Amino acid sequence: HSWPLLGNAFSGPKNKKMYQTLMEWSKEFGPVITLSVGPFVNVVTLNDIESIREAFVRKGNEFAGRPKFYSAEITSDNYSDIAAADFSPQWKFLRKTAAGAFKHFASRNQVEELSRKSFRSITSSIDQKVVDKDVQRHGFDPEETLALLVFNTVAGLCFNKIYDPQDKVFQHIHQLFVDLIKVGGNGLVADYIPIFRYFPTSTVRIIKRAMEDFLGFIEKEITEHKEEFDADHMNDLTDYLIYEQKQSLDHQGQHDFSDLV
C-alpha cells in the first residue's frame, strides 16, 4: 500500500533489505515494478535477468539516462562523473575514453601487475593479524583489509600509487567513505521530497564536507599528473584521460571537453 507523502517504497518489512523485498514482490506482481518514492518520484525496478537484458542491452540508449537525485548531485560534483552523468555526447566520450584506457592497460599487462601489487599490499596486514593471539581466539573483521585492496586497485589504476595499511592518506579516505555510508547510505529525504534540499540537515553538511575533502584529494592528484605529464610514458588512467583531453582541445570538434578530467 501507499503512504501519504512517502509513497510505497517503504511498505516492505523493516527487517529486510530493499532488494529482498523487491524479489518477493516480483513473485506476486511480475519482474517490472513501479514504486512511488515520495510525492514526486516514481522508480521502475527490474527484478529478473531477462528484463534487465531487455532494458540495458537491447535498448541500452533508451535506458542510459540517470535519475536526478539530490544525494547523487552532491556526491558527484553536480552529476559530472561517469556514474551519475546523464546520457549525452560528453558521457559517451567519457565511456569511450575509459574503455580505451582499460584496453590500453590490458595490452601492456598493467592490470595484472596492478592486481599483484594490490594483493601484496594486504598480505602483510593479514600476516600481522593472524599471529595476534587475540585475533586467533576471536577472529577479525576483514572490512578494512578488503577496503585497502579496493582502494589500492583504484588508486593504482587512476594514479599509479599503492598505499600501505597504515598510510595516513588511506586511513583518511577510508574513514571518509565509512562516514558517507553511515550517514547517507540509504539516500536523503531530499531525494524523495525535493523541497528539503533547501533545508540542509546535519547529514547533508557531513556529506558535503566529506565530498569536498575527497574531491580535494582527487584534484591534487590530477594537478600533479598534469604537471608531470609525458605522452611517451603514460602510466595510469589519469594520464590517458589527460592525453585524450589534449587531443580533443587540439581539434575543433562539435563538443568542448576541456573539463573532461
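Biologist: What does the accessible surface of the protein chain come to, and what percentage of that surface belongs to carbon and sulfur atoms?

Modeller: In this predicted model, the accessible surface of the protein chain is about 17200 Å², and 56% of that area belongs to carbon and sulfur atoms. Of the 261 residues, 33% count as buried.

Biologist: How many helices and strands does the protein chain have, and what pattern do they follow along the sequence?

Modeller: The protein chain has 11 helices and two strands. Along the sequence they follow the pattern α-β-β-α-α-α-α-α-α-α-α-α-α. As for contacts with a separation of 6 or more, 48% of them in the protein chain are between residues 24 or more positions apart.

Biologist: Where in the protein chain is confidence lowest, and where is confidence highest?

Modeller: The general idea comes before the case. Where pLDDT is low, predicted coordinates should not be read in detail. Here the protein chain averages a pLDDT of 79, and 84% of the residues score at least 70. Confidence is lowest in helix α6 (residues 133-138), with a mean of 70, and highest in α2, with 92. Over residues 254-258, pLDDT stays under 50, and the model has nine contacts beyond four places in sequence for these residues.

Biologist: Which residues of strand β1 make up the covered face, and which the uncovered one?

Modeller: In a regular strand, side chains alternate between the two faces of the sheet. In strand β1 (residues 32-37), the covered face consists of Ile 33, Leu 35 and Val 37, while Val 32, Thr 34 and Ser 36 form the uncovered one.

Biologist: In what sense do β1 and strand β2 pair, and over how many bridges?

Modeller: The two strands pair in the antiparallel sense, over six bridges, with β2 spanning residues 41-46. Leu 35, a member of the covered face of β1, has Val 43 in β2 as its bridge partner.

Biologist: Let us turn to charged side chains. How many salt bridges does the structure hold?

Modeller: Side chains of opposite charge can pair when their charged atoms come close. The structure holds eight salt bridges. In one of them, the side chains of Arg 53 and Glu 50 meet at 3.3 Å, N to O. Both residues lie in helix α2, three residues apart, about one turn of the helix. Glu 50 also meets the side chain of Arg 58 in a salt bridge, at 2.4 Å, N to O.

Biologist: What are the relative accessibility values of Arg 53, Glu 50 and Arg 58?

Modeller: Arg 53 is partly exposed, with a relative accessible area of 35%. Glu 50 counts as partly exposed at 39%, and Arg 58 likewise counts as partly exposed, at 47%.

Biologist: How many residues apart are Lys 220 and Glu 224 in helix α10?

Modeller: The side chains of Lys 220 and Glu 224 meet in a salt bridge of 2.9 Å, N to O. Because they are four residues apart in helix α10 (residues 202-227), about one helical turn separates them. Lys 220 is partly exposed at 48% relative accessibility, and Glu 224 is partly exposed at 26%. Elsewhere, salt bridges that share partners join Glu 50, Arg 53, Glu 54, Arg 58 and Lys 59 into one network.

Biologist: Which residues form a nonpolar patch on the surface?

Modeller: The patch is formed by Ile 49, Ile 52, Phe 56, Val 57 and Phe 63, which together have about 510 Å² of accessible area. Val 57 belongs to helix α2 (residues 49-58). Val 57 counts as exposed because its relative accessibility is 61%, over the 50% cut-off.

Biologist: Is Leu 114 buried or exposed?

Modeller: Leu 114, in helix α5 (residues 110-130), has a relative accessible area of 12% and is therefore buried, the cut-off being under 20%. Leaving aside neighbours within four places in sequence, Leu 114 is in contact with Asn 152, Thr 153, Gly 156, Leu 157 and Ile 162. Gly 156 is 42 residues from Leu 114 in sequence, yet their C-alpha atoms are 6.4 Å apart in space.

Biologist: Where does Ala 85 lie, and which residues does Ala 85 touch?

Modeller: Ala 85 lies in the loop between α3 (70-75) and α4 (89-107). Ala 85 is buried, with a relative accessible area of 9%. Not counting residues up to four places away in sequence, Ala 85 touches Arg 66, Tyr 79 and Trp 91. The C-alpha atoms of Ala 85 and Gly 65 are separated by 8.0 Å, and these residues are 20 apart along the chain.

Notes. Residues are numbered from 1 along each chain as its sequence is written. This is a predicted model: local features need pLDDT of at least 70, side-chain atom pairs count only at pLDDT 80 or more; totals for chains, interfaces and linings use all residues. Side-chain values use heavy atoms; hydrogens and water are left out. Buried means under 20% relative accessible area, exposed over 50%, partly exposed in between (1.4 Å probe, protein chains only). Contact means heavy atoms within 4.5 Å. Patches are made of residues with over 30% relative accessible area and no salt bridge: like charges are joined within 9 Å, nonpolar side chains (Val, Leu, Ile, Met, Phe, Trp, Tyr) within 5 Å. Accessible areas come from the Shrake-Rupley method with a 1.4 Å probe; for residues, only the protein chains shown count as cover. A salt bridge is a side-chain nitrogen of Lys or Arg within 4 Å of a carboxyl oxygen of Asp or Glu. pLDDT is the predictor's confidence in each residue, from 0 to 100. Two strands pair if DSSP finds at least two bridges between them.
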